[in-house]
Amino acid sequence: MEKKILVLIIVIIAIIIIGCLIYQNNIKSEMGNEMKMQNIITNSNNSPKEFNFETKTVTLNSGYEMPLNGIGTYSLTGDICYDSIISALNSGVRLIDTAYMYNNEEEVGRAIRDSGIPREEIFVITKIYPSQFDNPEEAIEMALRKLDIGYIDMMLLHHPGTNDVKAYKAMEKYVQQGKIHSIGLSNWYIEELEEFLPQIEIMPALVQNEIHPYYQELDVVPYIQNKGIVMQGWYPFGGRGYTSELLNDETIVEISNAHNVTSAQVILRWNLQRGIVVIPGSSNPEHIKENTQIYDFELTDEEMKKIEELNRNEKHDWY
Ligand SMILES: NC(=O)c1ccc[n+]([C@@H]2O[C@H](COP(=O)([O-])OP(=O)(O)OC[C@H]3O[C@@H](n4cnc5c(N)ncnc54)[C@H](OP(=O)(O)O)[C@@H]3O)[C@@H](O)[C@H]2O)c1
């Protein structure tokens, strides 16, 4: 009889211990899921990011700080690219936009290394192209190797395309390894984002799209900003072949005269006041310098409205 009671007690204790272990495991996995959800939720429910006009930076949803104005390097290659980057860095520019497709990551990296400016003071964006999406790890490794600056501040998918989710997930892995700090998208609009975002873990920190006074993306910009994603504009002056029309636009010229600045500066300032980061392209040291001098004047609401009225939904490139 005593033996039977002893066995019963042992069985009861064993059941209690097993029960406790199962409970603990459930709690742990629930906590894990919750933390993961928090990560996604914190990122996705953020309000528009504030631009700090004192530091001339914005803090991204990844926690990293990015300058509000930079230099774009599309169509700048070889020595022209190298010299433009050196010139930009000497003018105080600390944000550089490049891409695999621009065929100049090596020159950008070399200029940064030669500049003597501490690496962590410079923010470099590069992009991988849809033709690379089927082997994204190789593409990312290539960008790291070509730039040769230790880590990449921001990597974007250059366009939507086959395997873009796979490529984004590869970038997410590199974020976890610390080799890429922040990730984002380029040429994604509302429809594409609606489809893409539910399939990924890390909310994009940045979306880079065509934006200029003739193509303003009036619906896309607030949609993206309200997700806590920073918006960046390409072709701020309309892109090569279109700059003269835009820089000589009557309304822009009138506003620039009122502030004693150039048309280029008015357009860049208009972007900043809409919460859009600017990356004008230039190989002209005077233009590069001029494009940084956009913090000492402010456009009025009326001037902002006048520029908004210039919108023609006129895209200057196919994507
Ligand atoms: N994600 C994408 O799909 C995508 C697509 C296109 C471009 N982008 C990025 O966006 C950047 C900007 O676009 P972009 O460079 O092609 O076009 P942009 O910035 O609209 O225009 C560049 C042109 O403007 C001139 N310019 C620059 N500053 C000026 C100033 N202060 N006064 C007068 N003219 C001035 C430049 O000539 P000078 O050299 O003589 O100054 C150049 O010819 C690119 O460099 C690239 O990084 C991204």
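Modeller: A residue is buried if 20 or more other C-beta atoms lie within 10 Å of its own, exposed if 12 or fewer, and partly exposed in between, with C-beta atoms placed from the backbone. Helices (H or I, at least four residues) and strands (E, at least two) are DSSP runs, numbered from the N terminus. This is a predicted model: local features need pLDDT of at least 70, side-chain atom pairs count only at pLDDT 80 or more, and totals for chains, interfaces and linings use all residues. Residues are numbered from 1 along each chain as its sequence is written.

Biologist: Which exposed residues does the face of H4 turned away from its buried side carry?

Modeller: Start with the buried set: Pro136, Ala139, Ile140, Ala143, Leu144 and Leu147. Seen down the axis of H4, these fall within an arc of 135° (taken over the directions from the helix axis to the C-beta atoms), so they line one face. The face turned away from that buried side carries the exposed Glu138 and Arg145.

Biologist: Which residue just after H4 takes a positive phi?

Modeller: The phi here is about 55°. The residue just after H4 with this value is Asp148.

Biologist: What covers the buried residues of H4?

Modeller: Contact is counted when two C-beta atoms, placed from the backbone, lie within 7 Å. The cover includes two strands, E6 (123–128) and E7 (152–157). It also includes the helices H3 (105–115) and H5 (164–176).

Biologist: Do the buried residues of H5 lie on the same side or on opposite sides?

Modeller: The buried residues of H5 are Asp164, Ala167, Tyr168, Ala170, Met171 and Tyr174. They cover an arc of only 155° around the axis, which puts them on the same side.

Biologist: Which elements are included in what covers the buried residues of H5?

Modeller: One helix is included, H4. The strands included are E6, E7 and E8 (180–186).

Biologist: Which residue following H5 has a positive phi?

Modeller: H5 has 13 residues and reaches 19 Å, close to the 18 Å expected. The phi that follows is near 80°, and the residue is Gly178.

Biologist: Which strands are the edges of the eight-stranded sheet?

Modeller: Strands pair if DSSP finds at least two bridges between them. The sheet is open, with parallel pairing and the order E4-E5-E6-E7-E8-E9-E10-E11. Two strands pair on one side only: E4 (71–72) and E11 (276–278).

Biologist: What is the bridge partner of Asp97 in E6?

Modeller: E4 and E5 (residues 95–97) pair in the parallel sense over two bridges. There, Gly72 has Asp97 as its partner in E5. Three bridges then join E5 to E6, also running parallel. In E6, Asp97 is partnered by Ile125.

Biologist: How many residues of E6 are buried?

Modeller: Phe123, Ile125 and Lys127 point one way, while Val124, Thr126 and Ile128 point the other way, and all are buried. E6 is largely enclosed by the rest of the structure, because its buried residues number six of the six.

Biologist: Which strands stand at the edges of the three-stranded sheet?

Modeller: This open sheet has the order E1-E2-E3, with antiparallel pairing. Each edge strand has a single partner, so one side of each is left without a neighbour in the sheet. The edge strands are E1 (51–52) and E3 (65–67).

Biologist: Which residues come nearest to the ligand?

Modeller: A residue is near a molecule if its C-beta atom, placed from the backbone, lies within 6 Å of it. There are 28 residues around the ligand. The nearest are Gly72, Trp234, Ala264, Gly281 and Ser282.

Biologist: Is Asn260 buried or exposed?

Modeller: Asn260 sits in the loop between H9 (250–259) and H10 (263–273). Its phi is positive, about 60°, although Asn260 is not a glycine. With 8 other C-beta atoms within 10 Å, Asn260 is exposed.

Terms used:
The expected span of a helix is 1.5 Å times one less than its number of residues.
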